[in-house]
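This briefing concerns the salt bridges of the structure shown below. Please read it alongside the sequence.

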Amino acid sequence: MKYVSEFRDPALAQSLATAIAREADPARSYAFMEFCGGHTHAIFRYGVQDLVPSNVRFVHGPGCPVCVLPMRRLDDALELAERHGVILATYGDMMRVPGSGRRSMLTARSAGADIRMVYSPLDALALARDNPDRQVVFMGIGFETTTPATGMAILTARAQGLANFSVFCNHVLTPPAMAHVLAAPGVALDGFLGPSHVSTVIGAGAYRPLVAHYGRPLVIAGFEPLDVLQSVLMLIRQVNEGRQEVENQYSRVVTEAGNTKAQGVIEEVFALRETFEWRGLGSVPDSARAIRPELADFDAEARFAISEKQSREVKSCECPAILRGVKQPKDCKLFGKACTPETPMGACMVSSEGSCAAYYTYRRVETMAEMEAAE
Amino acid sequence: MSGILRPGAAVEMAHGGGGMATTRLIREIFARHFANPILDQGHDAARLNLPHGRIVMSTDAHVISPLEFPGGDIGSLAVHGTINDVAMGGAVPVALSAAFIIEEGLPLETLDHIAASMGAAARKASVPIATGDTKVVERGAADGLFITTTGIGLIPEGIEIAPERIAPGMAILLSGTLGDHGVAILSQRQGLAFGTTIESDSAALHRMVGDMLAAAPSIACLRDPTRGGLSATLNELAEAAGVSMTLKEAAIPVRPEVAGACELLGLDPIHIANEGKLVCICPPEQAEAVLNIMRAHPEGRDAAQIGAVGAHAAPGTPGLLRMETLIGGMRVVDWLAGEQLPRIC
Ligand code: SF4
């Protein structure tokens, strides 16, 4: 009756915790970045940090697609819905993200904009078919995991001759962002927990150049709490033994080459942008996808004249520094006071994969106590 | 039969006009399915003979979509929901009232089904629907059918159910698996078909509650974790009582199908609505006895102790709900932020 899968077995968790405590060198500390917001969520949801010694620290990375989307792009999407009168189809977690002036898709929708929540780009295609006299724009967002589905939708639209469907493309890439984090001053990382789902698409091989260049170990980790613990142990061993390798803890799903079919769709539909703005990281070269010119009919940026605009972040929101791993939610004055999941001031508080939301939901008491002590 | 239930017939505005059509609708659908001595008196207001004592009264509006779902429909849900609200006050339910807001165009056959299921639920629970009202609104002014039920009940001597009575050290009991109702509804919704056979847990709990209170009158608090799920219910109680509470995730019963569906949807069973479960907080020495009584009822078959009440919270701070996770870490269990899943009750 109870749902205790083999990946959440308490006895196994304890034995991994014991091994980590035994092998972690008390004379040093370990800072590992879990790149992906899904891992951040799992770590908090299961209280994984309670099972590792205090000198083993998780640094939360920028792998939350909603969190790293610059406010400017959200403002652009709002413009599409409001000024160009399109049906804007979007994943639900975008709805509450505050844009400039704390306006969100939700507030825009109650003011009359036609914004629809969808579960996949195929739902957006169906909207386009059902509303032949309206333009339907799908808000494409996410890492390599969601990019193939967006690509498939575009190919389907072309095959079916759907003239009223386009994509506002914000898809981004994982390895360039990791490289950017490693190259930036101020973050001392001893290794990465590599993403689960992204790696099923791009494969373990995609990280090898990065690991060789920056000399930091990377272990691709599954999403379950035991996966995370085992990956931490693998990282500690690499550090202790002076190795810097790509290891694959999640080999039950992730292969060396990844999903070549999905990669094929990505290549067919998308080109690399020379550079793309990430919230927190700034401009990152070769880090995002754009729709290829030959498919410009399905590119909302080509179809609609989107105006230049100045987007302004909430001044004291520390999301940018938190996304780089140099600050923590407790370093933000607004955390838990002006900024809560009900009244989010920044994206990190909106998405369940964001660090601020994770701290607020699962460790609020401790975090607020630390903030008070620091004052 | 030359009644109003012809194939393909639907509710029309005239059915709410107060004339012959209204009378026939009431007579041939509602009165037929709800028949009981109080309703059959045919007065505008039901007359009940009650002994002196403490009376509870509770009301609940039901707007669930879809109207019919695996394990129940809006009719049985409206009966169970209000009976349970009365029972959670420690009272024995005496009678219900029911008000119907019907959208023009609702197939009469659907209305008939729902009224039949409502009547059956009331009879099975031995709580009569003593009075009611019907309104018809234009197409688009409602979504099919909304039902509001109100219930009254009598609190037996010596029973005092109140969150303020929750004290440190008490046991937290749960009557069964979490999340069945919410997931059953979600699985019916378009675009979320994951081919499970999860049924709503919708059920009346007053008989089980009666037995629990007879055996353990010192039960401090009862609540049904409906909207917002277990986390909302316990957070509310912790706040009202000014105490902390600690749960053990491994002790919380969840059906594997529900857990699987939640995983797919990125939901936590602890936030999902239930319609046939209760939380009971009682002195620790009575926990075992109360659990055995619960388990003797089909609605309480999977009852378990899921946690305990901790110390009083520091003055001026809210009570706090925590959980030891499956792998042995600790975390806060929060209210769900943002929108609830829409219209699941
Ligand atoms: S707490 Fe809110 S305002 Fe502060 S960094 Fe996080 S999201 Fe931004």
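The points that follow treat the salt bridges by topic.

This is a predicted model, in which local features need pLDDT of at least 70, side-chain atom pairs count only at pLDDT 80 or more, and totals for chains, interfaces and linings use all residues. Residues are numbered from 1 along each chain as its sequence is written, chains are lettered from A in the order in which they are written, and side-chain values use heavy atoms, with hydrogens and water left out.

**Overall count**
- Over all chains there are 38 salt bridges, each defined as a side-chain nitrogen of Lys or Arg within 4 Å of a carboxyl oxygen of Asp or Glu.

**Between chains**
- A salt bridge of 2.8 Å, N to O, pairs A:Arg364 with B:Asp334.
- The pair joins two chains, because A:Arg364 lies in helix H15 (residues 355-374) of chain A and B:Asp334 in the segment after strand E13 (330-332) of chain B.
- Helices (H or I, at least four residues) and strands (E, at least two) are DSSP runs, numbered from the N terminus.
- Both A:Arg364 and B:Asp334 are buried (under 20% relative accessible area; exposed is over 50%, partly exposed in between; 1.4 Å probe, protein chains only).

**Within chain A**
- A:Arg72 and A:Glu308 form a salt bridge of 3.9 Å, N to O.
- A:Arg72 belongs to helix H4 (residues 71-82), and A:Glu308 to the loop between helix H13 (300-303) and helix H14 (319-324), 236 residues apart.
- A:Arg72 is partly exposed at 27% relative accessible area, whereas A:Glu308 is exposed at 70%.
- Salt bridges that share partners join A:Arg72, A:Asp76, A:Glu79, A:Arg83, A:Glu308 and A:Lys309 into one network.
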